[in-house]
Amino acid sequence: MTSGLDVDVRVTRRHFEVCARFEVPPGERFGLFGPSGAGKSTVLSAIAGLVGIDSGRIVLAGRVLSAAPAARTTARARRSRSAGAGAFKVPLHMRRVGLLRQNAGLFPHMTVAANIGYGTDPSTEDSAHAVGHAARLVGVENLLDAHPGALSGGQRQRVALARVLASRFEVLLLDEPFSGLDSALRVRLASLTAEEVSSRAVPAVLVTHDLAEAQSFCSQVGVMDRGELLQVGDPLEVVLRPASVPVARMVGYRAFVPLATTLPVTFPAAPARSLPLGSPAAGKPFTRPGPSAHCLVGLHPDRITMVDEADASTAGISGGLQIGARVASCRPAGAGFEVDVATPDGSTVPCRLPTGRQVPQNGDPCTILVVDPPLFDGDGRARPSQGMES
Amino acid sequence: MTPDAALPPYGASMQRRARASNVAALLASVVVWLALLGPLGALLVHISPTATREALGAPGALTPLVTSVEASLVALAVLVVAGTPLAWMMARERLPLPRLVEAGVLVPLLMPPLVIGLLLVFFLGPATPLGGALSHLHLSASNTFFALVVAEVYEAAPYYVLGAQSAFASVAVELEENAALLGDPWRRTLRRVTLPLAAPGLATALATGWARAIGAFGAVIVIAYHPYGLPMQIWVTLQQSGLAAALPFALLLVLVSLPLPLLAFSWSARSRVGTRVAT
């Protein structure tokens with residue numbers, strides 16, 4: 001694409017290679033989600049120019065930021081921060097990359113106002129205006145004369161965000177910047193950042209190990225583990241249709257129950273109100289190809305309900321796969337109860353007890369209803385489902 | 001019921017022991033402080049104002065002072081120009097074989113100054129290849145002002161370079177990275193972020209270097225007996241006229257070498273308090 005961010009890189013880290021390939025149109029936000037040590041921050045560092053890439057290229061708004069023709073083979077070449085032979089890397093100060101990290105990294109010897117205005121040209125009048133505007137956006141306008149040492153963690157992170165927003169940037173990189181802040185502040189800063197990114201029409205990349213944060217902030221989510229981008233898709237698709245069992249585990253699936261039947265399975269139309277909006281199965285009957293003997297059904301705590309076999313038809317949810325299981329334990333949670341259900345494959349899945357049901361005893365048999373689950377074959381890969389074609 | 005009586009028996013004796021160890025620590029600190037200041041006290045007690053005025057008023061008596069100060073200023077300039085970039089590269093680990101580089105800088109520190117002087121004769125003396133090259137530039141590393149500067153540089157270099165390295169290392173790399181990402185090329189980053197934050201540590205390193213340079217003696221006595229700096233003046237006076245006669249020059253050396261370090265240390269202590277923050 002001619003504008004936006006285009007990443008296609010391979011970076012070698014100590015234990016494995018990080019390989020990432022994705023595009024972010026301007027104004028869109030891309031989330032890199034995965035466990036610690038997966039290599040997500042390495043990708044951001046490569047885009048920012050803090051590490052060199054071994055092969056591939058990074059293009060931003062039509063400018064090449066980093067390029068390397070082939071893998072740099074020696075360990076020493078890989079360790080060096082400069083571009084190797086035949087490689088190209090725009091120096092840090094010309095990349096126009098805005099980076100916000102978990103550590104605010106404010107300059108301790110400068111006031112908040114000087115920090116925020118660091119990336120602006122102080123000789124112009126616009127600079128003071130930009131500093132004031134950015135400070136008001138994040139809510140630190142009454143702290144402009146303070147020094148970073150006197151600020152709380154949340155205040156420092158806000159100043160760091162204002163500092164980036166006041167500078168010239170063509171892509172915004174966020175490396176878990178809001179972890180360690182209380183949830184109200186997190187939500188505020190995340191929505192503020194999203195607005196700024198859209199209004200300036202720049203691409204943004206967020207690295208997080210919090211799935212909810214990735215889903216709420218980003219329009220596309222990439223799931224990454226051990227240096228590999230395992231799946232890229234929109235936030236709901238990645239959770240509803242994970243590409244493989246490892247991805248499913250990362251997005252919250254707790255159990256994978258084997259199904260053993262060769263007949264095609266038809267799920268009758270489920271009433272639209274019982275499924276999330278936009279779910280492809282709403283209101284339509286759909287047929288899935290017959291699972292083989294080694295098919296696995298993924299169970300996610302948010303997608304299962306406990307039902308009585310007897311009143312499944314009267315519960316308002318018809319259709320769906322019913323799985324026999326046992327109650328492992330039951331405990332109070334919030335205004336109700338949460339039941340740990342032991343599934344036939346040996347895992348436990350937490351499940352909220354429907355209101356009005358009697359609290360079960362440990363060891364009681366129970367039935368789990370799961371609607372439109374993802375299916376995986378014996379190798380852990382997702383099985384295609386015709387219902388998703390629309 | 002009194003508080004002590006309410007405590008179990010071991011509580012009271014533990015309190016007594018804690019108080020006793022606090023007092024002991026305080027006493028020990030005072031003793032060490034007095035021991036360190038003792039010699040200065042002895043100087044002030046034994047010096048006589050009339051003898052001092054006579055000694056320092058004699059013709060040519062202040063020449064060694066001028067020589068020392070001039071040579072130390074030149075030595076300091078050499079250290080700052082050559083040693084600061086080296087210290088920065090060491091701090092940022094931009095050099096190959098970093099441990100070897102550090103060991104190399106430490107070598108003059110580990111050698112007694114007398115040994116440094118002796119080895120400098122074999123390294124830069126007039127009979128050596130390097131000495132021959134120097135003589136083409138009309139310089140000699142034997143009993144000249146140049147030799148004095150060389151000796152002072154060798155004695156002071158590890159103190160300055162290692163101190164400067166530590167000062168640069170105390171500036172987090174992330175701060176320099178952030179400055180660069182915000183648009184500053186490396187020279188501006190150095191001016192706006194690195195140097196201001198490293199300044200207190202650099203001042204301390206400079207002050208330590210100054211004190212070591214102006215007080216250099218072991219290497220100086222071997223390769224730069226002439227021209228006399230203040231340390232040589234004290235030594236010669238000591239040998240020729242006795243201990244008491246050397247006291248005025250000792251006072252002069254103390255007066256000349258102390259103020260800069262004291263200023264630097266107090267400034268750096270104040271600055272560090274202000275910027276001690278985890279950002």
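**View 1. B:Asn143 sits in the loop between α7 (129–136) and α8 (145–169) of chain B.** Helices (H or I, at least four residues) and strands (E, at least two) are DSSP runs numbered from the N terminus. Phi of B:Asn143 is near 55°, a positive value in a residue other than glycine. Its relative accessibility is 38%, so B:Asn143 counts as partly exposed. Buried means under 20% relative accessible area, exposed over 50%, and partly exposed in between (1.4 Å probe, protein chains only).

This is a predicted model: local features need pLDDT of at least 70, side-chain atom pairs count only at pLDDT 80 or more, and totals for chains, interfaces and linings use all residues. Residues are numbered from 1 along each chain as its sequence is written, chains are lettered from A and ligands numbered from 1 in the order in which they are written, and side-chain values use heavy atoms, with hydrogens and water left out.

**View 2. A:Arg226 lies in the loop between β10 (220–225) and β11 (228–233) of chain A.** Phi is positive here too, near 50°, and A:Arg226 is not glycine. A:Arg226 counts as exposed because its relative accessibility is 55%.

**View 3. A cis peptide bond joins B:His226 to B:Pro227.** Omega is near -10°. B:Pro227 belongs to the loop between α11 (218–223) and α12 (230–241) of chain B.

**View 4. Chain A meets chain B with 22 residues on each side.** Contact means heavy atoms within 4.5 Å. About 2100 Å² is buried between the two chains, 61% of it from carbon and sulfur atoms. Buried area is the accessible area (1.4 Å probe) that two parts lose on being put together, summed over both. A:His93, A:His109 and A:Tyr118 supply 29% of the area that chain A buries against chain B, more than any other three residues.

**View 5. One salt bridge is counted between chain A and chain B.** The side chains of A:Arg101 and B:Glu177 form a salt bridge at 3.0 Å, N to O. The term requires a side-chain nitrogen of Lys or Arg within 4 Å of a carboxyl oxygen of Asp or Glu.

**View 6. A:Phe33 and A:Ile116 touch the most other members of the largest nonpolar core, which has 51 residues.** Such a core is a set of buried Ala, Val, Leu, Ile, Met, Phe, Trp, Tyr and Cys residues joined through side-chain atoms within 4.5 Å. α5(A) gives the largest share, seven residues. Another core, of 45 residues, lies apart and includes B:Leu79 and B:Val193.
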